[in-house]
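Here is a walk through one protein model, from overall fold to single residues. Keep the sequence and the 3D view side by side.

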Amino acid sequence: AVVLLYCLLAERRTLGSLGFTRKGALAEYGIGLLGGFILFGGAVLLCVVCGTLTVHMTETPPPLGMLALFFLAFLIQGMSEELLCRSYLMVSLSRGSPLWACVLTNALLFSLLHAGNPGVTVIALVNIFLFGLFASVLTLRRGSIWMVSALHSMWNFAQGNFFGIPVSGIKGSPSPLISTPGTGTWAELVNGGAFGLEAGLAVTVVLLGACAVVLFVPTKKSEIVKSSL
């Protein structure tokens, strides 16, 4: 709320320049939710195929109402981080800096915001930086914040409240599935160990692929920065 009010009142930004476009918003958000699940599910699949993660049903599934509350919380969390890093920082910096520098700066800040999380590693920070790059380019290519916010939220929800994996080092979320990481140097290099999959090479592979897609697949959407300055 503070970031939103600052942009609207102090910087005289419009909701459109923050990525809150009206045309196609619901479809963008729905595709983002699906994309977030597919991306993280792909990382889980890589770990399972490599023999570094086992996934099974929990004996006592959590109540649907509790999962719904976690889902709502992640919807707010994902939107908040995207509003701060992408809508505010990246676009505001672009008024006086090259776009590539704005993308790198906000992705670096996004990574550093997680530097104090439990069990953080160098690979974890690199992967979170890659997610920041992916989210930045996706925001620019789609011309709105809807898809990236939904994708971010679903990535975290699927991680913690579906597969039962620590979310950026934070454990303890209720989930219908339990994922048990393998131990040993190779296994932890792939599955991320105690921090969760975000500290493993499986997520690195998925995010590099996602970055390649948003960089090179053609889109008809205009860049939010160009349309808002």
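Helices (H or I, at least four residues) and strands (E, at least two) are DSSP runs, numbered from the N terminus. This is a predicted model, in which local features need pLDDT of at least 70 and side-chain atom pairs count only at pLDDT 80 or more, while totals for chains, interfaces and linings use all residues. Residues are numbered from 1 along each chain as its sequence is written, and side-chain values use heavy atoms, with hydrogens and water left out.

Start with the whole chain. The protein chain has 9 helices and 2 strands. Their order along the sequence is α-α-β-α-α-α-α-β-α-α-α. The radius of gyration is 18 Å, close to the 17 Å from the globule rule for 229 residues, so the chain is as compact as a globular protein of that length. That radius is taken over C-alpha atoms, and the rule is 2.2 Å times the number of residues to the power 0.38. Along the principal axes, the C-alpha atoms fill a box of roughly 50 × 35 × 35 Å.

Of the 229 residues, 49% are buried. Buried means under 20% relative accessible area, exposed over 50%, and partly exposed in between (1.4 Å probe, protein chains only). A contact means heavy atoms within 4.5 Å. Among contacts between residues at least 6 apart in sequence, 76% join residues at least 24 apart. The protein chain exposes about 11000 Å², and carbon and sulfur atoms supply 74% of that area. Accessible areas come from the Shrake-Rupley method with a 1.4 Å probe; for residues, only the protein chains shown count as cover.

Now the charges. There are 12 positive and 8 negative side chains, and the centres of the two sets lie 16 Å apart. Lys and Arg count as positive and Asp and Glu as negative; His and the chain ends are not counted. Each charge is placed at NZ of Lys, CZ of Arg, CG of Asp or CD of Glu.

How many salt bridges does a search of the whole structure find? The search finds 3. A salt bridge is a side-chain nitrogen of Lys or Arg within 4 Å of a carboxyl oxygen of Asp or Glu.

Take Arg-142 and Glu-28. They form a salt bridge, with the closest N and O atoms 2.7 Å apart. Arg-142 lies in helix α5 (residues 122-142) and Glu-28 in helix α2 (residues 25-49), so the pair ties together parts that are 114 residues apart in sequence. Arg-142 is partly exposed at 22% relative accessibility. Glu-28 is buried at 5%.

Another salt bridge joins Arg-86 and Glu-82, again with a closest N to O distance of 2.7 Å. Both residues lie in helix α3 (residues 64-93), 4 residues apart, about one turn of the helix. His-152 sits in helix α6 and is buried, at 3% relative accessibility.

Arg-13 and Glu-11 make a salt bridge at 3.5 Å, N to O. Arg-13 is buried, with a relative accessible area of 5%.

Is Arg-12 buried or exposed? Arg-12 is exposed, at 67% relative accessibility. Its place is the loop between α1 (2-10) and α2. Arg-12 has a positive phi of about 60°, although it is not a glycine. Ser-168 also has a positive phi without being glycine, near 50°. Ser-168 is in the loop between α6 (146-161) and β2 (177-181). Ser-168 is buried, at 7% relative accessible area.

Finish around the strands. Thr-58 lies in the loop between β1 (53-57) and α3. Thr-58 is buried, with a relative accessible area of 17%. Which residues does Thr-58 touch, not counting residues up to four places away in sequence? They are Ser-175, Pro-176, Leu-177 and Ile-178. Thr-183 is in the loop between β2 and α7 (185-191). Thr-183 is exposed, at 70%. Thr-183 and Thr-52 are 131 residues apart in sequence, yet their C-alpha atoms are 7.7 Å apart in space.
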